[in-house]
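Hello,

Here is the structure I said I would pass on. My notes follow it; please read them with the coordinates open.

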Amino acid sequence: MSYKNALRLAAGLALAAAMVVPGSARAVKGQVPPDFTAATLDGKKITLSAFRGKNPVLLNFFAEFCGPCRREFPHLKALDERFGPRGLRVIGVSLDDDRATAAVIPTQAKARFPIIFDPKAGIAEKYGVQAIPHTVVIDRTGKVSAVVIGADLEALDRAVDEVMK
């Protein structure tokens, strides 16, 4: 089974239970998460470490086939609009197979934050993503402040409030 198919299977099972395999996350609270450089849907390059020491980051893994991702995306847009002017950088990572599908949820939500296209799930694999949505909130120093598995909007709000203090 490919990593992508395994992720889809895990997403379906884990989202229902809002669970993740213990110890599988590679983005660990208090530690620097894996760095990456990737292309956005509009062709720009993003390097995560470029934000270290400057901006807190909300890194959200999603896919078009994920119902909870669809419901969560307007909230991500609202967080971007509320906290973006104060420095928060929201970055979506689409695990969809093609660019057109990767753009569906952001377009529907009218999101303006960058969307990384990760069709082979290379970044997701580095981060140990077992279920989506999977959100990593990183503080200004570049360390993981929180990992939120599932569409837990209250947990997202608490995590963002914490890094924006």
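The largest nonpolar core has 47 residues, and those touching the most other members are Leu58, Leu59, Phe61, Phe73 and Tyr127. Bear in mind that this is a predicted model. Leaving aside residues up to four places away in sequence, Phe73 touches Asn60, Phe62, Ile105, Pro106, Ala109, Ala111, Phe113 and Ile115.

Some totals for context. The protein has 165 residues, of which 48% are buried. Of the contacts between residues at least 6 apart in sequence, 71% join residues at least 24 apart.

On secondary structure, there are six helices and seven strands, and from the N terminus the order is α-β-β-β-α-β-α-α-β-α-β-β-α. Five of the strands make an open sheet with mixed pairing, ordered 5-4-3-6-7.

Strand 3 (residues 57-62) and strand 4 (residues 89-94) run parallel and are joined by six bridges; Leu59 has Ile91 of strand 4 as its bridge partner. Helix 2 (residues 67-83) lies across strand 3, strand 4, strand 5 and strand 6 (134-138), at about 160° to strand 3. Helix 6 (residues 153-163) also packs on the sheet, where it touches strand 3, strand 6 and strand 7, and its direction is at about 170° to that of strand 7.

What aromatic pairs are there? The count is four. In one of them, Phe61 and Tyr127, the ring centres are 5.5 Å apart and the planes are at 50°, so the pair is tilted. Phe61 belongs to strand 3 and Tyr127 to the loop between helix 5 (122-126) and strand 6, so this pair ties together parts 66 residues apart in sequence. Both residues, Phe61 and Tyr127, are buried.

Phe73 and Phe113 also form a tilted pair, because their ring centres are 5.4 Å apart and their planes are at 35°. Phe73 is in helix 2 and Phe113 in the loop between helix 4 (104-109) and strand 5, so here the parts tied together are 40 residues apart in sequence. Phe73 and Phe113 are buried.

Lastly, Phe36, Phe61 and Tyr127 form one aromatic cluster.

Regards

Notes. Residues are numbered from 1 along each chain as its sequence is written. This is a predicted model: local features need pLDDT of at least 70, side-chain atom pairs count only at pLDDT 80 or more; totals for chains, interfaces and linings use all residues. Side-chain values use heavy atoms; hydrogens and water are left out. A nonpolar core is a set of buried Ala, Val, Leu, Ile, Met, Phe, Trp, Tyr and Cys residues joined through side-chain atoms within 4.5 Å. Buried means under 20% relative accessible area, exposed over 50%, partly exposed in between (1.4 Å probe, protein chains only). Contact means heavy atoms within 4.5 Å. Two strands pair if DSSP finds at least two bridges between them. Helices (H or I, at least four residues) and strands (E, at least two) are DSSP runs, numbered from the N terminus. Axes are lines fitted to C-alpha atoms, for helices over the stretch in contact, and angles run from 0 to 180 degrees between N-to-C directions. Rings of Phe, Tyr and Trp (its six-membered ring) pair if their centres lie within 6.5 Å; planes under 30 degrees apart count as stacked, over 60 as edge-to-face and the rest as tilted.
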